[in-house]
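Biologist: Before I rely on any of the labels in this model, I would like to hear what each of them rests on. Could you take me through them one by one?

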Amino acid sequence: MALTKLCFLLAVVATFAAVQTAQAGDPDILSDFVVPLNMSNGKIDGNFFTYTGMRVLVGSPYPSEFKVLKASKAEFPALDGQSVSYAVLQYPSGSVNPPHTHPRAAELLFVIDGSLEVGFVDTTNKLYTQTLKLGDMFIFPKGLVHFQYNADKDNHAMAVSAFGSASAGTVSVPLSVFTTNIDDTILAKAFKTDVATIQKLKAGLAPKH
Ligand code: GLV
Ligand code: MN
């Protein structure tokens with residue numbers, strides 16, 4: 001009898017955990033939209049739902065290094081509770097968006113200029129790559145390490161990425177590992193190399209003044 005009860009309890013817990021996993025994402029809100037704490041409801045009009053931060057792209061020259069322009073909850077507060085955000089990605093010829101993850105969202109990338117080499121690694125360490133042409137889309141599953149590279153020597157590239165979270169978060173693999181003061185000995189052991197090599201990697205990633 002006790003065993004039957006235990007099995008039942010375990011089944012309930014497992015079902016609950018599975019539902020929680022399937023629903024993992026931005027929390028649902030119980031209102032049409034979220035009004036920031038420092039704003040009164042009466043002050044909300046169309047401007048609150050409009051983001052003009054991407055206008056800087058119009059007519060401006062290509063950057064000399066890879067550049068991301070975000071429209072997430074931080075830049076565009078009306079996204080709070082709506083489970084969506086955007087980024088515009090500019091890749092000068094030969095530039096790379098280094099390996100990184102988004103802990104809270106999948107990313108749907110749409111190439112609107114040039115071409116891109118892209119890839120992600122799954123949790124079995126299998127690498128999936130693709131060469132994207134103008135007009136192609138690619139999905140980077142939530143939380144997995146991914147990158148993009150503009151291998152074209154003569155042409156820049158541009159992409160728009162949609163995220164399934166108002167605040168997808170970005171964890172850069174090189175920056176989080178080599179610029180956060182993790183002990184050199186620990187990193188040398190983890191990467192099966194020597195401290196001098198780790199210090200060289202750290203120096204290359206240190207912010208330039
Ligand atoms: C591109 O992958 C980005 O998240 O910036
Ligand atoms: Mn990304």
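**Reading the labels**

Modeller: Let us begin at the ligand, where an oxygen atom of ligand 1 is 3.0 Å from an N or O atom in the side chain of His100. For His102 the corresponding distance from a ligand oxygen to a side-chain N or O atom is 2.7 Å, and for Gln148 it is 2.7 Å. This is a predicted model, in which local features need pLDDT of at least 70 and side-chain atom pairs count only at pLDDT 80 or more, while totals for chains, interfaces and linings use all residues. Residues are numbered from 1 along each chain as its sequence is written, chains are lettered from A and ligands numbered from 1 in the order in which they are written, and side-chain values use heavy atoms, with hydrogens and water left out.

Biologist: Which residues are around ligand 1?

Modeller: They are Leu89, Asn97, His100, His102, Glu107, His146, Gln148 and Phe163, where being near requires a heavy atom within 4 Å. Of the 190 Å² of accessible area that ligand 1 has on its own, the protein covers 95%, with areas taken from the Shrake-Rupley method and a 1.4 Å probe, and with only the protein chains shown counting as cover for residues.

Biologist: Why is Ser72 called buried?

Modeller: Buried means under 20% relative accessible area, exposed over 50%, and partly exposed in between, with a 1.4 Å probe and protein chains only. Ser72 has a relative accessible area of 13%, so it is buried. Ser72 is found in the loop between strand E1 (67-71) and E2, and its side chain is joined to that of Glu75 by a polar contact of 2.6 Å.

Biologist: Why is Asn125 called exposed?

Modeller: With a relative accessible area of 67%, Asn125 is over the limit and is therefore exposed. Asn125 lies in the loop between E5 and E6, and its phi is near 70 degrees, a positive value in a residue other than glycine.

Biologist: How do you know that E5 and E6 pair?

Modeller: Strands are DSSP runs of E with at least two residues, helices are runs of H or I with at least four, and both are numbered from the N terminus. Two strands pair if DSSP finds at least two bridges between them. E5 and strand E6 (residues 127-132) have 6 bridges in the antiparallel sense, so they pair; one of the bridges sets Gly119 against Thr129 in E6.

Biologist: What makes E6 and E10 edge strands?

Modeller: Five strands form an open antiparallel sheet in the order E6-E5-E8-E3-E10. E6 and strand E10 (171-172) each have a single partner strand, so one side of each is left without a neighbour in the sheet.

Biologist: What makes a group of residues a nonpolar core, and how many residues has the largest one?

Modeller: The term denotes a set of buried Ala, Val, Leu, Ile, Met, Phe, Trp, Tyr and Cys residues joined through side-chain atoms within 4.5 Å. The largest such core has 18 residues, and those with the most contacts inside it are Leu89, Tyr91, Leu109 and Leu116. Strands E2 (85-91), E4 (107-113), E5 (116-121), E7 (137-140) and E9 (157-163) each supply at least two residues of this core. Apart from it lies another core, of 6 residues, among them Ile44, Phe48, Leu79 and Ala166.

Methods: Polar contact = N/O pair within 3.5 Å; in protein donor to acceptor, adjacent residues only side chain to side chain.
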